[in-house]
Structures are given as C-alpha cells and as structure tokens.
Amino acid sequence: MKHLSVAMILGALAAPAWADDAEAGRALAEAWCTACHALDGAETASDAAPAFAGIAADPDLSPGQLRARIAAPHPPMPQLDPTEEQLSDLVAYISSLSAD
C-alpha cells in the first residue's frame, strides 16, 4: 500500500497543474484573435488570416506545430506572449473545431 501512495503522489507531481481548457481557449481567442480569424465558422475575418476551423482541419498541422506557431508567430500575426496555460487552452480550443 505504501508503494501505491508514493506512486500516486509522484504521478500527481509530474502532471501539469491545469488541464487543457477549450472553453478558456475560446474566450482567449475572442479577446485576442477575432480581428483577423473567424472563430467557429468557415469564413475568414480578414483576407490575411484563415478561419480557426480551417486551421483545425489541416491534416499537416499537429497540435505541437500549432502551439509553436502561436508561441512564435510569423508576420502579420502579432506577438501574444501567452502563458503556458493560455497556450494550451488556445490549442485545445482550435483543435476542438476539427471535424474528426
């Protein structure tokens, strides 16, 4: 029993303190991204930025690659400097729009 308790504690310490929260990611996207990106629909909000549904549907873009693009954006995307939790939440939200 003692070994099980130690394993449970170590497992809890190794896990992040938060879970990816798509709803929190949607709120961030509404605040930071709607000037350029359409959130839920297939349309675009501007000529320069694809809709998030289209990004989520891209089979060549993994969640890790999406995370990297948000963390170190390319022009004309502004530098957002999200926290790790915000970054995870944004990726979770965009990924949730995939039709899979």
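**Helix α5 and its partners**

A: Let's begin with a pair of helices: the axes of helix α4 (residues 63-71) and α5 come within 10 Å and cross at roughly 125°. An angle of 65 to 115 degrees would count as roughly perpendicular and one over 145 as roughly antiparallel, so α4 and α5 are oblique to each other. Their crossing is right-handed. On the α4 side, the residues that make the contact are Pro63, Leu66, Arg67, Ile70 and Ala71, while α5 brings Glu84, Leu87, Ser88, Leu90, Val91, Ile94 and Ser95. Sorted by class, this contact of α4 with α5 has eight nonpolar residues, along with two polar and two charged ones.

Before going further, please keep in mind that this is a predicted model. Where pLDDT is low, the predicted coordinates should not be read in detail. For the protein chain, the average pLDDT is 80, and 75% of the residues score at least 70.

Now turn to another partner of α5. Helix α2 (residues 22-32) packs with α5 at an angle of about 95°, and their axes are 7 Å apart. That angle makes α2 roughly perpendicular to α5. From α2, the residues Ala22, Ala24, Gly25, Arg26, Leu28, Ala29 and Trp32 meet Gln86, Asp89, Leu90, Ala92, Tyr93 and Ser96 of α5. By class, the contact of α2 with α5 has eight nonpolar, three polar and two charged residues. If you compare the two lists, you will find Leu90 of α5 in the contact with α4 and also in the contact with α2.

Ala24 and Glu85 are 61 residues apart in sequence, yet their C-alpha atoms are 9.6 Å apart in space.

Next, follow the chain through the loop between α4 and α5, where Pro76 is found. The peptide bond from Pro75 to Pro76 is cis, with omega near 10°. Asp81 lies in the loop between α4 and α5 too. Although Asp81 is not a glycine, it has a positive phi of about 55°. Asp81 counts as exposed because its relative accessibility is 57%, and exposed here means over 50%.

Gly54 lies in helix α3 (residues 52-57) and is partly exposed, with a relative accessible area of 43%. Gly54 and Ser98 are 44 residues apart along the chain, and 8.2 Å separates their C-alpha atoms.

Finally, let's step back to the chain as a whole. Its secondary structure comes to five helices and zero strands, and along the sequence the pattern reads α-α-α-α-α. Of its 100 residues, 26% count as buried. If you take the contacts with a separation of 6 or more, 51% of them are accounted for by residues 24 or more positions apart.

Key:
Residues numbered from 1 in each chain as written. Predicted model: local features only at pLDDT ≥ 70, side-chain atom pairs only at ≥ 80, totals over all residues. Heavy atoms only, no water. pLDDT = per-residue confidence, 0-100. Axes fitted to C-alpha atoms, helices over the stretch in contact; angles between N-to-C directions. Helix = DSSP H or I, 4+ residues; strand = E, 2+ residues; numbered from the N terminus. Parallel < 35°, antiparallel > 145°, perpendicular 65-115°, else oblique. Left-handed = near helix turned anticlockwise from the far one by under 90°. Contact = heavy atoms within 4.5 Å. Nonpolar A, V, L, I, M, F, W, Y, C, P; charged D, E, K, R; others polar. Buried < 20%, exposed > 50% of the residue type's maximum accessible area, 1.4 Å probe, protein only.
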